[in-house]
Amino acid sequence: ALTGYKKIIERVTKVANSLPSFLTLPKEDRDALLRENADLLVNLRGALFFDPIKDGVAQLKISIGSGEEELMKTMFGSVMNQQQMKHIDYFTFNSIQQNNSGSEAEDRYYILTKKVAEMLREDLTAILLTYIILFSTDFVMATDKRRIQKEQDKYINLLRRWIYSKTGRRKATIVLANTLKVCSFIREMTDIK
């Protein structure tokens with residue numbers, strides 16, 4: 001679990017540093033955004049990984065990074081070829097702390113994980129929410145907060161347009177509100193951890 005956490009932090013940093021709009025921010029703002037929001041994004045990725053409808057092979061595939069395909073083939077090749085790997089459960093996987101299943105905080109964390117995964121089953125929605133969270137200034141001391149918020153608004157607008165393109169206006173309003181509510185769930189998950 002700890003190795004996975006470090007790998008996700010590396011990926012979050014790599015994704016952020018591949019965004020031209022992120023790179024044009026002052027370095028201290030980029031550092032502040034990553035420092036504050038990286039854990040939020042780790043929890044987002046964790047929720048997507050532990051989605052109860054995914055089997056183990058699907059979970060491994062979403063965790064494979066660019067350039068790691070060969071490593072995955074050698075480590076998990078036979079299992080992935082057979083397509084018979086069972087779902088990797090949160091409580092089984094979590095080796096950082098004692099298995100606290102049954103504790104109120106861990107149970108709440110697991111419930112939130114399932115809610116987030118259910119709401120973000122479309123890849124584009126998950127990607128846009130990643131950028132929305134990355135540019136969150138909620139607890140960030142930034143030199144150019146307005147510029148960062150403008151960038152976040154751009155991704156919120158893209159998410160709105162995406163959701164509205166798929167469904168009627170009345171339903172889209174509800175879906176958009178619920179999708180943005182995921183940000184609150186992610187923050188609560190981060191606070192629990």
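I take helices as DSSP runs of H or I with at least four residues, numbered from the N terminus. By that rule Gln152 lies in helix H9. The model I am reading is predicted.

**Entry 1. Overall make-up**

I looked up the secondary structure before anything else. The protein chain has ten helices and zero strands. Read from the N terminus, the elements run α-α-α-α-α-α-α-α-α-α. I then checked burial and found that 39% of the 193 residues of the protein chain count as buried. For contacts between residues at least 6 apart in sequence, I noted that 70% join residues at least 24 apart.

**Entry 2. The core**

I asked which residues have the most contacts inside the largest nonpolar core. They are Phe22, Val116, Leu120, Leu134, Phe135 and Ile186, in a core of 39 residues. I listed the elements that give two or more residues to this core: helix H1 (2-16), helix H3 (27-49), helix H7 (104-119), H8, H9 and helix H10 (169-192). H3 gives the most, with ten residues. As background, nonpolar side chains tend to be buried together in soluble globular proteins.

I followed Leu134 from that list. Setting aside neighbours within four places in sequence, I found Leu134 in contact with Ala16, Leu19, Phe22, Leu33, Leu34, Asn37 and Leu41.

**Entry 3. H8 against H9**

Next I went through the helix pairs that involve H8. Two packed helices are described by the angle between their axes and the distance between the axes. For helix H8 (residues 123-134) and helix H9 (residues 145-166), I noted axes that come within 8 Å and cross at roughly 160°. Angles over 145 degrees count as roughly antiparallel, so H8 is roughly antiparallel to H9. The crossing of H8 and H9 is left-handed.

On the H8 side I listed Leu124, Thr125, Leu128, Tyr131 and Ile132 as making the contact. On the H9 side the residues are Gln152, Tyr155, Ile156, Leu158, Leu159 and Trp162. By class, the contact of H8 with H9 has nine nonpolar residues, two polar and no charged.

**Entry 4. H3 against H8**

I repeated the look-up for H3 and H8. Their axes come within 9 Å and cross at roughly 155°. H3 and H8 are therefore roughly antiparallel to each other. The crossing of H3 and H8 is right-handed.

From H3, the contact is made by Leu33, Leu34, Asn37, Leu40, Leu41, Leu44 and Leu48. H8 supplies Ala126, Thr130, Ile133 and Leu134.

**Entry 5. H8 against H10**

How are H8 and H10 oriented to each other? They pack at an angle of about 55°, with their axes 11 Å apart, and are therefore oblique to each other. H8 passes H10 in a right-handed crossing.

I recorded Thr125, Leu129, Ile132 and Ile133 of H8 and Thr179, Leu180, Val182, Cys183 and Ile186 of H10 as the residues of the contact. The contact of H8 with H10 divides into seven nonpolar, two polar and no charged residues.

**Entry 6. Single residues**

Leu41. I placed this residue in helix H3. Leu41 counts as buried because its relative accessibility is 3%. Beyond neighbours within four places in sequence, Leu41 is in contact with Val12, Thr130, Ile133 and Leu134. I also looked up the pair Leu41 and Arg11, which are 30 residues apart along the chain and have C-alpha atoms separated by 10.0 Å.

Gln152. Leaving out neighbours within four places in sequence, I found Gln152 in contact with Ile132, Phe135 and Ser136.

Ile148. This residue is found in helix H9. Ile148 counts as buried because its relative accessibility is 0%. Apart from neighbours within four places in sequence, I listed contacts of Ile148 with Leu25, Asp29, Leu33, Phe135, Thr137 and Ala142.

How values were computed. Residues are numbered from 1 along each chain as its sequence is written. This is a predicted model: local features need pLDDT of at least 70, side-chain atom pairs count only at pLDDT 80 or more; totals for chains, interfaces and linings use all residues. Side-chain values use heavy atoms; hydrogens and water are left out. Axes are lines fitted to C-alpha atoms, for helices over the stretch in contact, and angles run from 0 to 180 degrees between N-to-C directions. Angles under 35 degrees count as roughly parallel, over 145 as roughly antiparallel, 65 to 115 as roughly perpendicular and the rest as oblique. A crossing is left-handed if the near helix is turned anticlockwise from the far one by less than a right angle, and right-handed if clockwise. Contact means heavy atoms within 4.5 Å. Ala, Val, Leu, Ile, Met, Phe, Trp, Tyr, Cys and Pro count as nonpolar, Asp, Glu, Lys and Arg as charged, and the others, Gly among them, as polar. A nonpolar core is a set of buried Ala, Val, Leu, Ile, Met, Phe, Trp, Tyr and Cys residues joined through side-chain atoms within 4.5 Å. Buried means under 20% relative accessible area, exposed over 50%, partly exposed in between (1.4 Å probe, protein chains only).
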